[in-house]
Every structure is written in C-alpha cells, then in structure tokens.
Amino acid sequence: MVFERVKFTRKGAELKALAGRGIGYHHSSLNAKEKQLVEILFRKGFIRVVTATGTLALGINMPCKSVVFAQNSVYLDALNYRQMSGRAGRRGQDLMGDVYFFDIPLPKIEKLIKSNVPELRGQFPLSISLVLRLMLLASKGDDPEDAEAKVLSVLKHSLLAFKQPRALEMLKLYFLFSLQFLVKEGYVDREGNPMGFAGLVSHLHYHEPSNLVFVSFLVKGLFHNLCQPTRRGSKCFSQDVMERLVLVLAHLFGRRYIPAKFQDANLKFYQSKVFLEDLPEDFKAALDEYNMNVTKGFASFLLVVSKLADMKQEHQLPLSKIDFTGEECEDSQLVSHLLSCKEGRRAVSPFACLSGNSDADLLHPETPDHVTQCTIGISNISAPVLWPQRLDNQGRRMPLNAYALDFYKHGSLLGLVQDNRINEGAAYQLLKDFALTIQSISISLRELCGNEEDNVVLAFEQLSETFSEKFKKI
C-alpha cells in the first residue's frame, strides 16, 4: 500500500485524507516520500488536482490537462512560465492543453507569453571542495584512466569556458590555487593523494567554506578543549557543553541572517532567544587567523589572474560601452587626477579605483563584489573565507538567527515560527539539514579516529543522537 510509506511522516495523515478527495499539494518542505506519494497518485489518476509551488517547474514527470497560475509572484518569470505551462497537454492523450491565469495583470500575462527564454549563462564552476572531490575521484577510482578522463572533462568542459574561451586560462590558475591551498592545509600530499580530513571536507562540500573552517578548528584542538566530560572516565557531556557545541556549529552550518532593524525593535520573544551569541573567544581568534591566511593567498592569486583581463573592455563605460582611456583628454587636470588613481592597482577595476579602492581592499568583508576587473571572470566572493559579521547597505551589523540553538533548547517548531520569524516549512528543512550535517560529522569522525574513547567523537555522537530525537518529534 502506497500510504504505508508516509504513515509516520509529518504530513502523511493529511496527504492521505486529501488524496481520498482527489486533492494533493506539492512543495519543497515535503520530504521525498511525501512528494513521491503525490506524484505517483497523480500519474495514476487518483489525484486530479494538485496545488504546487515552483517544485513542479522542472524535472518531475507529472503531465496534466490544465495548468492554472493562481497568483502573481516576483518569481513567475518567462523560464518558470514555460516550465510550468509545458505540463498542460499530455502526450498521447490530449491534442491541446489549457493554461489559465487568475488574478494576474494582463500586461504581466502578455510579457510572459511573448518573452523569450533567458539565455543560459555559465557560472564559476570550481570551488576548493570540488577540486578536492575530483582529487578523491582520481585517486580512489577503480579504473584510473576512466577516473582521470572524468576529472578532466569536468575541468575543461564547463559552460563558462564554452561561452568565454578566455576563462579557461583563469580556471587553470584557480585550480592551481586550490591545489596549493589543499596541500598547505594538509588535505592532499605533494603527489595529489588525499589525506587527513579530506573525506570529511568532501562530505560537507555544500557548506563551503564552513567545512574548511570546521576542520581548522578541529586541527587546532579547540573541540577537544570544549568537549570535556562531566567527570574523568565518563562518556557523557553536560548540557552546557552540548549547547556551546551547538553554538559553534550554528555559526558554521546554520548561518541565516536577520535584518539589522530587528535589533532595535522592541519585540517580545516567548521561547527562543532569536539572536545568536558571538563565537567563544578561542574559536573567534582561530577564525580570524584562518581568514587572514586565506585572504593573503587569494589576494596573490587575484593579482596573478588580473594579467588575463581585457583592458580594452575594462576601459569601457559599464552601461553605454563608450571607450574612455583618457588619452583624448590628456591636457585636462581632472582627467589626469582621475587616471592617477589607477597607479599601483592591478586587480581592481579602473572605475572602482576612482572611489579609492585598492588591491589591499579586495578581500575586506565590506568591499563590494564588483570592484575586481569584470573580464577576469572571478571576484572576491570565490575566496574560501567565512566572515563572522555581515553588514547591510546602511553599514549596520546583521545578526545571525539562533534557530538551531533555540530548537535544541526548547524543541518546538512552533517556537521558531513565532519568535524566529521562519516559515514552518523552511524551518523544518533548515533543522533537517542541520541534523544531517551533525550526523555526517559524527560518522566521519568515528571512521577517522582510531581512539574509541575520544571525547570529540563521543560528544558529536551524543549531540547527533539528541538533536535527531528532538527533530523526529516535530
């Protein structure tokens, strides 16, 4: 029976009741089994009406006779419209499909129908974690030749390199920078073989750069200092130790910002503390040291890769594309003064230089991403640094949401909705991701550590079990 698959899930009973009436819903906050239930019943014809978000826009086989766009949204663009409306008209069953618009302005409808699908653009394809995973594939593959061919295919055939052939040279330099970083941090040896905590970093690749910072904390012994049992020889850890551990992990893997204005508002919270406390002093000092070391290396990389910039294009005005090198106004004192700002600047855009930005400012957290030369195809956001603070456009500090630590303390999903101002579905997904991250760390540390009585391993196993139990109850 298909309903047995969702018998103990959060929305299983509700989906079963609705399915009896031929109705279903589909959105990102449902787990995989709940989504599959709706998809299977809809394809079999037992469910006739499904309300959905953009989760049905791409990659799911659910053809239908009619599609209704029931509300206007900023996310409803030409691409999503084509993907969703393309479900109307089942191949082999319907000659035509129907698309209905409800409560959407006519100009918006006309624009959606007439607009072309946006052109696909290549994004920067590499990261340090990806390079490490490729090194793992090349060294651990059963067939070395096949593994090497796959690695080279990923490195050479990105969409960015296809659209911009000049970017291939930049990608080669970034690969060398990543390899140098991995060797320096002890993730691979000089022959390119993974070692140490390479497996743990690759397991947490979707959290870069937090995965790299976590391992740096681990290597420095900070977690061993924190994870002290209640008494000598004990395998249990106090609630205070567990909460401090969750605090550190929330800074790394649960980073969700709150608008700065909420700090000044006179809001009353009932269950949650909402604003995440700062990192403990020893962890904060270690993070500052990590960021400083990484920024030095990445700044040197930007200076090298800036030689690949197309200076003719760099000297075009950003919007009008008018060339302005200053040669036609050499006699102007103003022009001479403005052009002198470029002296000693190599990686900064000529126009960003006019605002006083220099190469030394490239990796400051408050420096905008667009100050680097646009034609080199990379900016400071590709640096694997984790800034402890973020400022809004008015220079105010944006605090981190303490949803993970708050949930660990009170175990209430409703508390996160009321106090932390997080949608119920989003809160569920965030907590699920956080629980899986802790579980992944716990398993990886157990595999890597030969000492079964290691305090850090035992602490993470206790935390993983406790947090998972709280999560399963919601």
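## Basis

The model is predicted: local features need pLDDT of at least 70, side-chain atom pairs count only at pLDDT 80 or more, and totals for chains, interfaces and linings use all residues. Residues are numbered from 1 along each chain as its sequence is written, and side-chain values use heavy atoms, with hydrogens and water left out.

## Second largest pocket

The second largest pocket holds about 1,000 Å³ of space. A pocket is an open set of points on a 1 Å grid over the protein atoms alone, where a 1.4 Å probe fits, with protein on both sides within 12 Å along at least five of seven lines; lining residues have an atom within 4 Å of a point. The volume is the space filled by probe spheres set on the points, which are joined across faces, edges and corners.

Its lining has 32 residues, and Val50, Ala52, Leu56, Val67 and Val68 lie nearest the centre.

## Salt bridges

There are 11 salt bridges, each a side-chain nitrogen of Lys or Arg within 4 Å of a carboxyl oxygen of Asp or Glu. One of them joins Lys284 and Asp288 at 3.5 Å, N to O. These two residues are four apart in helix α14 (residues 281-305), so about one helical turn separates them. Helices are DSSP runs (H or I, at least four residues), numbered from the N terminus.

Asp392 and Arg396 meet at 2.9 Å, N to O. Asp392 is buried at 18% relative accessible area, while Arg396 is partly exposed at 32%; buried means under 20%, exposed over 50%, and partly exposed in between (1.4 Å probe, protein chains only).

Arg446 and Glu461 form a salt bridge at 2.8 Å, N to O. Arg446 lies in helix α20 (residues 424-448) and Glu461 in helix α21 (residues 455-472), so the pair ties together parts 15 residues apart in sequence.
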